[in-house]
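Please read them with the structure open beside you.

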Amino acid sequence: MIDIKSHKVTKCQIGGHGNLDEIWRLPRFPLTEMFGPFDPNFPSFDQSLLIDTESGHVQLENQLSPEFLYSAADYSYRSAQSSKGLRDEVTFLEFLEPFFDDGFGTVVELGGNDLSFARKLLSRSTGVTVIDPVCEQIDGTSVDGINVLGRFVENVDIRKEIGKVNLIVARHTLEHVASPLA
């Protein structure tokens, strides 16, 4: 059995309210976004889906340690490896474009893992930075013109390290941040 630290959520991670009701109990809930054959011995965790009755925000009750989730060499959500991920990137770009007449300006992508979406943003931007702990090995480098900060967003001072930002993209990311408000 793998010993994995978790944190029980007692307040809404968005609104800070303590009015959390259980919607759905999820015993032995497996990790998702994993590609490949199903392994019945892979860790699962008792979870519950909670709703903040004041704001309507929905979140999981038990937050797994980010160090466990994102330091594993086999972390499996890589957008370029999924045909669904590729379609989502195109759809999201089509959604964004009408809001920016002259391109996106300076962009920060939170959780840009394999830099796939960041590459698509380059031609429409004056600068792109990806912040993702999965990129720890290349922290502080530039890859194909993309500035890479391989750290947790909580450990990056965006104003100091990047400056003025016109667009922050966080696709499939905020649910992995322990304290989004912070």
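1. Phe99 is exposed, with a relative accessible area of 58%, where exposed means over 50% relative accessible area, buried under 20% and partly exposed in between, using a 1.4 Å probe and protein chains only. The ring of Phe99 pairs with that of Phe95, the centres lying 5.3 Å apart and the planes at 55°, so this pair is tilted. Rings of Phe, Tyr and Trp (its six-membered ring) are taken to pair if their centres lie within 6.5 Å, and planes under 30 degrees apart count as stacked, over 60 as edge-to-face and the rest as tilted.

2. This is a predicted model, in which local features need pLDDT of at least 70 and side-chain atom pairs count only at pLDDT 80 or more, whereas totals for chains, interfaces and linings use all residues. Residues are numbered from 1 along each chain as its sequence is written, and side-chain values use heavy atoms, with hydrogens and water left out.

3. The structure holds four aromatic pairs. In one of them, the rings of Phe92 and Phe117 have centres 5.8 Å apart and planes at 45°, so that pair is also tilted. Phe92 belongs to helix H2 and Phe117 to helix H3, so the pair ties together parts that are 25 residues apart in sequence; helices (H or I, at least four residues) and strands (E, at least two) are DSSP runs, numbered from the N terminus. Phe92 is partly exposed at 25% relative accessible area, while Phe117 is buried at 1%. Ring pairs link Phe92, Phe95, Phe99 and Phe117 into a cluster.

4. Which residues touch the most other members of the largest nonpolar core? Of its 15 residues, they are Phe104, Val107, Leu121, Val128, Ile146 and Leu167. A nonpolar core here is a set of buried Ala, Val, Leu, Ile, Met, Phe, Trp, Tyr and Cys residues joined through side-chain atoms within 4.5 Å. Two or more residues of this core come from each of helix H2 (83-96), H3, strand E7 (125-131), E9 and strand E10 (167-169), and H3 gives the largest share, three residues. Leaving aside residues up to four places away in sequence, Leu167 touches Leu96, Phe100, Phe104, Thr106, Val107 and Val108, contact meaning heavy atoms within 4.5 Å.

5. Leu110 is found in strand E6 and is buried, with a relative accessible area of 11%. Leu110 and Ile131 are 21 residues apart in sequence, yet their C-alpha atoms are 5.0 Å apart in space. Not counting residues up to four places away in sequence, the contacts of Leu110 include Ile131, Val153, Ile168 and Thr173.

6. Two backbone angles deserve a look, given that most residues other than glycine have a negative phi. Leu115 has a positive phi near 65°; this residue is found in the loop between strand E6 (105-110) and helix H3 (116-122) and counts as buried at 4% relative accessibility. Asp144, also not a glycine, has a positive phi of about 55°. Asp144 is found in the loop between strand E8 (141-143) and strand E9 (146-149), and at 52% relative accessibility counts as exposed.
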